[in-house]
Structure formats: C-alpha cells, structure tokens
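Work through the exercises below with the sequence and the model open beside you. Try each task before reading its solution.

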Amino acid sequence: MSENRSSTRKPTLFEAVLAVCVAAVCIGTGVLVLGVDVHIPLVFSAAFVCLMGRYLLHFQWKDMEEGMFRGILAGLQAVLILMIVGMIIGSWIQGGIVPTLIYYGLGILSPSIFLLATLIICSIVSLATGTSWGTSGTVGLALIGIAAGLGVPMPLAAGVVISGAYFGDKMSPLSDTTNLAPAVSGTTLFSHIRAMVSTTLPTYVIVAIITVVLGLRFAGGTLDVSRIAAFQKLLAAEFNISVVGLIPPIVVVLLAALRFPAIPSLFAGVVLGGIMILLQGSGLGTMVTAIHYGYSPAFSAEVAGAESLDAVAGILAAQGVSDVAPELAQEVGGMLSDLLERGGLDSMMWTVSLILCALSFGGVMERCGILEVLLQALLRHVKSVTGLVTSVIISCIVSNIFLGDQYVSIVLPGRMFKPAFDERGLHPRMLSRSLEDSGTLTSVLVPWNTCGAYHTSVLGVPTIQYLPYAFLNYLNPIVAIALTAMGKSIFWRKDTDEDIVNV
C-alpha cells in the first residue's frame, strides 16, 4: 500500500457520475457507432478512471494497479472454467453429443405444440452449447422458417426462440455469463445455478403455458416435416447418432446436483467427450484437435459449399442420404455447418480477454471509490431485501441501455452491489442470481445493445417487434422481484458458509 494513501479522497457524486458517463459514451460509441468489440473501449474507460484517480483523487498508480489485480483475481476461476467449457463444446460436437441432442430435440415437433416445441428445442440446444447467439442464428433461424410455413407471426416465433435460447444461456454451466456472474459476486458456479432455479423455473413454466395457449391458434397448420427430416438425415450422415450421446450431459448434470466442484465436474465432460470422439471412429489426433480448436464440419460443409445442385445430389448419394431435395439439403447443410463449427480452447480466448478487460475496469472503479459513492447514492432510501434486489435489477437494465453490452451490465452492478449484500448478510448467490435475472436476459431487449442488434440481424425481426413475445426475458426479473417481496427464495449467508468465494 502506498505511503501517501492518507492524501487520497473519495470522489464526489458528480465525479462518480462523470466517470460512468464517460465510460458509457466511450463504450456506446465504440459498440454502437463504430461497430467494434467492447474490449478496447473498456480499456480506454479504465484509463480515464485511472487519470481521475491519479490527478483528482490522488491515488498512486500501484494502488489502482492493486485494484485491477483484485478485480481480475475475482474472475480467475471463471477464466479457467471458460477454457474447460471451450474444450467441452469442441469435444461434444466432434463426439456427436450436441448433434444427438439436436436430432432428438427436432423429433418432438408437432403442429399442435409448435411454439412449445420451439421453446424446448432452443432451450436444449442452448443448454448444450452455452450460447444464445449460436442457437438463435442456426436452429432458431430454421424454426423461424418453419413458423412462416405454419402461418405463425414472425415476431411471435422470434420471441419464443429468444426465450428458449436465453433460458439455456442463463442456466448452462457452459455459458460465459453463467460463469461471469458468480465470479463477480463471490460464489461458485453450481451454487449460482441452483439459486437461479428458484426464479427461472417458475418463469419458464409460465412461459411454457403461454406458448401452449398461443400455439392452439395454429394447431391446424401443416408442419414442414421435410425440413426437419433434412436436418436429422444430414446429422445422421455426419455423426453416429445414438442414445449413448446423452450420457455425458447426464453425467455432468448429476455431478453438479451432487455438488462436485465445478472444474473437475466440467473436465469430466471433456474426458467423456474425448471418449465419444473415439467411439465415432476418429483418432487421437482428431480428438486433441477438436478439444483445442473446435469442430470443423465435414459433410454438412461439403453439402453447403457444393457448386451446383447436381454436385449436391452426388454428395448425398455417396453418403447414402435419400429423399432430401438438393436445394433443401444445401440450405440445411449451411445452417448445420454454422451451428457445428465452434468450440475448442481457442474459441474462449475472445471471452477471456473481455472478462479481463471488464474486471480490470470494475476493479479500478471500485479501488478509486467510484462504485462506493454511486452505491451510497442508490441505496440511500433502500431499506429492504426486496429494494436491494430491485435496485440490482434496475441497475442491470440501465447498464444494458446505456453501456450496450451484457458483460459490462453484469460486472459493473456486481462490483457496485457486492458490499451491500455482504453488509446485510445475504449470500453472494442472491447477487449473482439477480445479475443474471436482469443483466443477461434484458440485453436482447435493447435494440442498440450488442445482443439486440445481433438477434434483429439474424432473425430478421426488429427488436421492438419481438420484444413483447420474448416472455422469459422480461418476466424473469418481475418474478424475481415478486418472489423476494413474498419472502421466498432469499438466501442468507448465516444459513451456510459453503459456496462462498472471497473476492
């Protein structure tokens, strides 16, 4: 600690708001105007806070550096988990596990429950991959096309796709946000997931009921079974599909339920994925490559990239795929190629670097006292647990609106509110749950947020049109506040000291 620490001072409320506004302008300009990734705007935002800290608040550099290191330390477990997650995704796709989940998920579609099936399919795929973006842009897009054939309004179908995709993204241990929220809050991954069940499961049941009621209007439609059959036949041609592929995710879920530590539990998924790769008939070199660099589609990519329909027909015949029109096979092959070309250790480096940048920014904000001043102003009139949870949810929504990125909307409120949750004796998973109930889910409801802009582009439906039908995304924060107000699902630190990480 610096010997001159006594000369430092707390920022005024104006200075604290100025720091947040400059960061909002920097990040917003970079993401929304320039169209760049949020990493460098975060770095420049942190640099501005460092200048404020040095020349206005009189902190020494090593004090602020210590703050950044403490911020990064809070996310190191998440970084390790994300690296393992990348390995899981690569091995689970190469080993046919994710394709098996998609194959059987598509099999549950029927005209009378199309919207409910869409919700479930997107949930399954997103749970298996940990990505809402990948789910919406591939299987979700295919379901949008099927919906059009049934006469289901595009905004409604898009909203249900997003609800399912974000349920999986929020609840999957493979998701980056699901790892980031507990890292910021000071709890463990599986404790965080168990806490989210109490607010997310009731919301999911409500959404499922809504989709059943709305889906009855379209029960008389004709399902485009040819597209579903094409998906399943191309998957079966590229992978050995069997119920054995369901074993690895079941094992990982059981380990989580038995409260095994996250890192060894998830690494067990990598080992099982490697075994499945060998059972697919691939060699050790292929297994290691998939775990490191992810899966490179073979058959589906070949079909998608064929120069003519005659060439597609020849590829299908050589692989023994029958009864699939070349035009449809090429379209579906492109979708499958986009879905399956992912995973591997390297695929997580973008997210890891973003986490390091975001945590450095949050760490220096906290070290200079900016977060403390903002928190005091926000909590001046907050006396109850319900008020505290509501403040977190509102702060995450405001962050999504003004900062334009869901990662920042988890990190910044998380660092701001952690001391208040600790002081009131609440378990850290209360904070991590609230961050995901709002920070993750509401990002896609903001047109200029990276998530909203992406889904509008991929699904071809403006954010403002699908927003009313993204039921899970706006009902979950409401359910979380309502349950807290009723005294339900409140976790106290005094009840257990387990699953708490000092950050």
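**Exercise 1: the surroundings of one residue**

Leaving out residues up to four places away in sequence, M276 touches G95, I97, V244, G245 and P248, where contact means heavy atoms within 4.5 Å. The model is a predicted one, in which local features need pLDDT of at least 70 and side-chain atom pairs count only at pLDDT 80 or more, while totals for chains, interfaces and linings use all residues. Residues are numbered from 1 along each chain as its sequence is written, and side-chain values use heavy atoms, with hydrogens and water left out.

Task: Is M276 buried or exposed, and in which helix is its place?

Solution.
Step 1. Find the helix: M276 is in α13, residues 262-279. Helices here are DSSP runs (H or I, at least four residues), numbered from the N terminus.
Step 2. Apply the cut-offs: buried means under 20% relative accessible area, exposed over 50%, and partly exposed in between, with a 1.4 Å probe and protein chains only.
Step 3. M276 has a relative accessible area of 8%, so M276 is buried.
Step 4. For a distance, take E341: M276 and E341 are 65 residues apart in sequence, and their C-alpha atoms are 18 Å apart in space.

**Exercise 2: salt bridges**

Task: How many salt bridges does the rule give, and which side chain does E15 meet in one?

Solution.
Step 1. State the rule: a salt bridge is a side-chain nitrogen of Lys or Arg within 4 Å of a carboxyl oxygen of Asp or Glu. The count by this rule is seven.
Step 2. E15 forms a salt bridge with R9, at 2.8 Å from N to O. E15 is buried because its relative accessibility is 11%, whereas R9, at 32%, is partly exposed.
Step 3. K418 and D422 form another salt bridge, at 2.9 Å from N to O. Both belong to helix α21 (residues 406-423) and are four residues apart, so about one helical turn separates them. An α-helix has 3.6 residues a turn, so residues three or four places apart point the same way. K418 is buried at 11% relative accessible area, and D422 is partly exposed at 28%.
Step 4. D437 and R433 are joined by a salt bridge of 4.0 Å, N to O. They too are four residues apart, about one turn, in helix α22 (residues 428-440). Both D437 and R433 are buried. Salt bridges with shared partners link K170, R433 and D437 into one network.

**Exercise 3: two helix pairs**

Two packed helices are described by the angle between their axes and the distance between the axes.

Task: At what angle do α1 and α2 pack, and at what angle do α9 and α22?

Solution.
Step 1. Helix α1 (residues 13-33) packs on helix α2 (residues 39-55) at about 160 degrees, and their axes are 9 Å apart. Axes are lines fitted to C-alpha atoms, for helices over the stretch in contact, and angles run from 0 to 180 degrees between N-to-C directions.
Step 2. Classify the angle: under 35 degrees counts as roughly parallel, over 145 as roughly antiparallel, 65 to 115 as roughly perpendicular, and the rest as oblique. Therefore α1 and α2 are roughly antiparallel.
Step 3. List the contact: α1 gives E15, L18, A19, V22, A23, C26, I27 and G30, and α2 gives P41, L42, F44, S45, F48, V49 and M52.
Step 4. Sort these residues: 12 are nonpolar, two polar and one charged. Ala, Val, Leu, Ile, Met, Phe, Trp, Tyr, Cys and Pro count as nonpolar, Asp, Glu, Lys and Arg as charged, and the others, Gly among them, as polar.
Step 5. Helix α9 (residues 176-185) and α22 pack at about 140 degrees, with their axes 8 Å apart. α9 is therefore oblique to α22.
Step 6. In this second pair, T177, T178, A181, P182 and S185 of α9 meet P428, L431, S432, L435, E436 and T440 of α22. The contact of α9 with α22 has five nonpolar residues, five polar and one charged.

**Exercise 4: a covered helix**

Task: Which residues of α19 are buried?

Solution.
Step 1. In helix α19 (residues 370-378), the buried residues are I370, L371, V373, L374 and L375.
Step 2. Their cover includes α1, α2, α18 (349-367) and α21.

Conventions: Helices (H or I, at least four residues) and strands (E, at least two) are DSSP runs, numbered from the N terminus.
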